[in-house]
Amino acid sequence: MDSVFDELYEKYHQDLFQFLFYMVRNREQAEDLVQEVYVKVLRSYERFEGRSSEKTWLLSIAKHVAIDFFRKQRSWREKMMTTFDWMSQPLHDPYPLPEEIAVQKEEIQLMYRCLGRCTIDQRLVVVLRFIQGLSVAETAETLGWTESKVKTTQHRALKRLKQQMEEEAAKGGWHHEKIPME
Amino acid sequence: MRKSQWNEEDIRLVLQRMPMVSDRRSKDEIYRQVRMMEKNKRIVPTLVSIAAACLFVVIGVSFYSSSLSTKEKNAEQKQEMSIAMRTGESAKKQNMMMQTDQADVISSRIITNGEAVVFGLPDASAQTVIPVSIPVSNEQIFRDKQIEAAKAQLTDQWGLDSRWFEGVTMSVSPERPNVWIIRIPKTHPVFSGGSANEVMFLSSVEETVRWMGGTSVQFFTGDQKGIDLPNTGHLESITIPQKKRAYYFYQLDDSHPLLLAPSLQEFATIEKALESMQNVTGDLFRPSISQQVHIASVQKQNDNLIVQFASNSSFADPATSQWMLEAILLTAKEFRFRYVTFTGGNVDHIGPYRFNEKIEVPVAPNPVPVH
């Protein structure tokens, strides 16, 4: 086995997989994409100059792979279903909830579904900041953005998620009630 | 129902409690997949295509209804030869050339004459594509039954994944006999199966068409030209590269039969290929030439390859020794040899293969027994 792969896998595989999983929200797709990341990383590892941390460098490659995936998917959808209005459709996932999510409280399940309603930029920031636990500076480095753009996108993402959670609860599709503190 | 109220801090807290989701595959498995993708990345740009899918009947019918004419001459010639060589057997048996599962005979892993349909199918772990062949008779009505009977065995007994051929039809272009037309239904799982599955599907198409003698493939989705794969992109046609590979042993587990599988990489020379057949490592393949076997020399006489075994070679296990020779015969075929002559080794034959006599390279690998 390639020693570079071995080392990167041991140190970062969970982070990479977790990032891709919450971006594409599908286990099998995440498995495919994480392999794609390794293929790209192994080809370019010698060119890694250490200007950023190894982890943010890997995540930045994973980001490109994820965006590429969405681009191809969008292109394909546009070709195949030009009249289909995706955003007007009900909050619906084509795949069943992954086991790890399905066993969680309803608010976790709903958040998982609401993530799919964020824009890709918003999801990138939310996943990196709150699920991966990166700082604003690390997120900016990973995405190649300014810190200011990270903060703005984060703010919009949280606002959208809040709106989605409340809308879904109001529709009655979710039985959890968050009772305000008296 | 009371209206739910959320603030940003609540949202952050839920996000931070999102569960860890882990890759269920082992490190070794992922590494193998990565290596496979690296290899196929080099293939896809040159256009790979394979079509196929479980529709063995449709495939078989399409193939035989439209393409047999292109292969018929070769098949007939080989058949005639086989009849001449095997005078003691019934014509029907010669035609089928099913050496498998006969009492006291080791099941052959090659078809040496007759007609066959060959499919490249992904193995159960989707790491490699293995060509399998279904010997068929001349008569259409029997062909259909034979292919259907073989299809039933592939997944359960052979551990191969045939679902990607579901609903796919393959036929030869009426104008250009080397061009294969592959039609895929819009609902085919390859459109939603992820990039690794796309690679497997295309690799299966490539392997299938290569064995059938095709040099390029044209894709159709329904009646529309081309296929739009979410990860690979738009493909209208692909060329089928000729390859020079080695054949290894592949076995899913003890409950499945040992098959002869082509190497993932190509080799510049037959010597290098034979060397790798003895030294291949990893979990996917096993060496097809035992360490107890020593090849003293390899000589080329026009289209005849002469493989001389050293006198200290051991051929203790009859089955693996026979399959070793069959793997060498298939490898020789990849390098465009028509015959192989085995010599040395202090033996005069192994299984049905007599030493010091020219043996014609096989028609196809891994025959599926049709009962």
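Two residues count as in contact here if their C-beta atoms, placed from the backbone, lie within 7 Å. Keep that in mind for the residue lists. One caution before we start: this is a predicted model.

Let's open with helices 6 and 7 of chain A. Helix 6 of chain A covers residues 120-131, and helix 7 of chain A covers residues 136-143. Which residues of the two helices meet? From helix 6 of chain A, we have Leu124(A), Val125(A), Leu128(A) and Arg129(A). They meet Thr139(A), Thr142(A) and Leu143(A) in helix 7 of chain A. By class, that contact has four nonpolar, two polar and one charged residues.

Now the geometry. Two packed helices are described by the angle between their axes and the distance between the axes. For helix 6 and helix 7 of chain A, the angle is about 135°, and the axes are 10 Å apart. That makes helix 6 of chain A oblique to helix 7 of chain A. The crossing of these two helices is right-handed.

Helix 1 of chain A runs over residues 3-24, and helix 2 of chain A over residues 27-44. They pack at an angle of about 140°, with their axes 9 Å apart. Why oblique? Angles over 145 degrees would count as roughly antiparallel, so this pair falls in the oblique class. Helix 1 of chain A crosses helix 2 of chain A in the right-handed sense.

Who touches whom? Helix 1 of chain A brings residues including Val4(A), Phe5(A), Phe17(A) and Phe21(A). Helix 2 of chain A brings, among them, Arg27(A), Gln29(A), Leu33(A), Val37(A) and Tyr38(A). By class, this contact has 15 nonpolar, one polar and one charged residues.

Over to chain B, and a sheet. How many strands form it? Four, in the order 13-14-15-18. The sheet is open, and its pairing is mixed. Strand 13 (295-301) and strand 18 (358-360) of chain B are the edge strands, each pairing on one side only. From one strand to the next, the twist averages 25°.

Strand 13 of chain B pairs with strand 14 of chain B, residues 304-309, in the antiparallel sense. That pairing runs over six bridges. For one of them, look at Val298(B): its bridge partner in strand 14 of chain B is Val307(B).

Last item: a helix on this sheet. Helix 9 of chain B, residues 318-334, lies across strand 14, strand 15 and strand 18 of chain B. Relative to strand 15 of chain B, residues 339-344, helix 9 of chain B runs at about 140°.

Conventions:
Residues numbered from 1 in each chain as written. Chains lettered and ligands numbered in written order. Predicted model: local features only at pLDDT ≥ 70, side-chain atom pairs only at ≥ 80, totals over all residues. Axes fitted to C-alpha atoms, helices over the stretch in contact; angles between N-to-C directions. Parallel < 35°, antiparallel > 145°, perpendicular 65-115°, else oblique. Left-handed = near helix turned anticlockwise from the far one by under 90°. Nonpolar A, V, L, I, M, F, W, Y, C, P; charged D, E, K, R; others polar. Pairing = 2+ DSSP bridges.
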